Amino acid sequence: MPLPAGSQPARLVVLVSGSGTNLQALLDACADPAYGARVVAVGADREDIEGLARAERAGIPTFVRAVSAFETREGWDASLATVVERFEPDLVVSAGFMKLLSQEFLDRFLTLNTHPALCPAFPGMHGPRDALEHGVKVTGATLFVVDAGVDTGPIVAQVPVEVHEDDDVEALHERIKAAERAMLVDAVGRIARGGIEVEGRRVRIGAAAR
């Protein structure tokens, strides 16, 4: 998938559900013109969250689509897709967005998400806890292309995080989140500058995608 080059930065729509720390990392990176991307809108599934406040402080348009405001999940998904499309994104980034997206949405927008474990290990809501309980010595974070499954999409990037003997879930998760932010910023920048190619489960980004 080619993305804009030269003076035209890649357009990012970022979806959030909470504090927006990954969003902030992307906003900070996009402040450098050489990064090659800019956040053109931030969407959420609920009002009054810090992720939206971060976008508003940065002067970025925001929108909210709460599932409870729609009679059906399909109606919510269609409305979300409609508003995302208005911003003509080259890439949608799910940054802590706690809702599953339909196949119809994913067919329209290349969407990336992160998971706090080394996929395919420990999918779901409790990756750091499950890794710790399993006794692994290394876990990490994964960036993937979202598909219809739960943390099952083609892998874009991964970063390892060592498990310490005295770790609890909170301490381990904080280290994973720090590594995750750096991985996300690096990969999105390389995609913005050099494109992305997805063939089955194989993903090439940057120069390799040309």
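Among contacts in the protein chain (heavy atoms within 4.5 Å) between residues at least 6 apart in sequence, 60% join residues at least 24 apart. The model is predicted, and local features need pLDDT of at least 70, side-chain atom pairs count only at pLDDT 80 or more, and totals for chains, interfaces and linings use all residues. Residues are numbered from 1 along each chain as its sequence is written, and side-chain values use heavy atoms, with hydrogens and water left out.

The protein chain contains six helices and nine strands; helices (H or I, at least four residues) and strands (E, at least two) are DSSP runs, numbered from the N terminus. The radius of gyration, taken over C-alpha atoms, is 17 Å, close to the 17 Å that the globule rule gives for 210 residues, so the protein chain is as compact as a globular protein of that length. The globule rule is 2.2 Å times the number of residues to the power 0.38. Along its principal axes, the C-alpha trace spans about 50 × 45 × 35 Å. Of the 210 residues, 49% are buried, where buried means under 20% relative accessible area, exposed over 50%, and partly exposed in between, with a 1.4 Å probe and protein chains only. The protein chain exposes about 10300 Å², of which carbon and sulfur atoms supply 51%; accessible areas come from the Shrake-Rupley method with a 1.4 Å probe, and for residues only the protein chains shown count as cover.

Strands are said to pair if DSSP finds at least two bridges between them. β1 runs parallel to β2 (residues 37-44), to which seven bridges join it, and also parallel to β4 (residues 91-94), through four bridges.

Helix α1 (residues 21-30) forms a right-handed β-α-β unit with β1 and β2. A crossover is right-handed if, with the strands pointing away from the viewer, the path from the first strand over the helix to the second runs clockwise. Seven of the 10 residues of α1 are buried, so the helix is largely enclosed by the rest of the structure. Among these buried residues are Leu23, Leu26 and Cys30. The buried residues of α1 pack against β1, β2, α2 (50-57), β4, β5 and α6 (169-194).

From β4 the description passes to β5. These two strands pair in the parallel sense over three bridges, with valine 92 opposite threonine 111 in β5. Together with helix α4 (residues 103-108), β4 and β5 make a right-handed β-α-β unit. Threonine 114 has leucine 143 as its bridge partner in β6.

Histidine 115 lies in β5. An unreviewed UniProt entry lists His115 under "active site"; UniProt positions are given in the numbering used here, feature names are shortened, and annotations may be inferred rather than shown by experiment. Histidine 115 is buried, with a relative accessible area of 2%. Leaving aside neighbours within four places in sequence, its contacts include Phe122, Phe144, Asp151 and Glu180.
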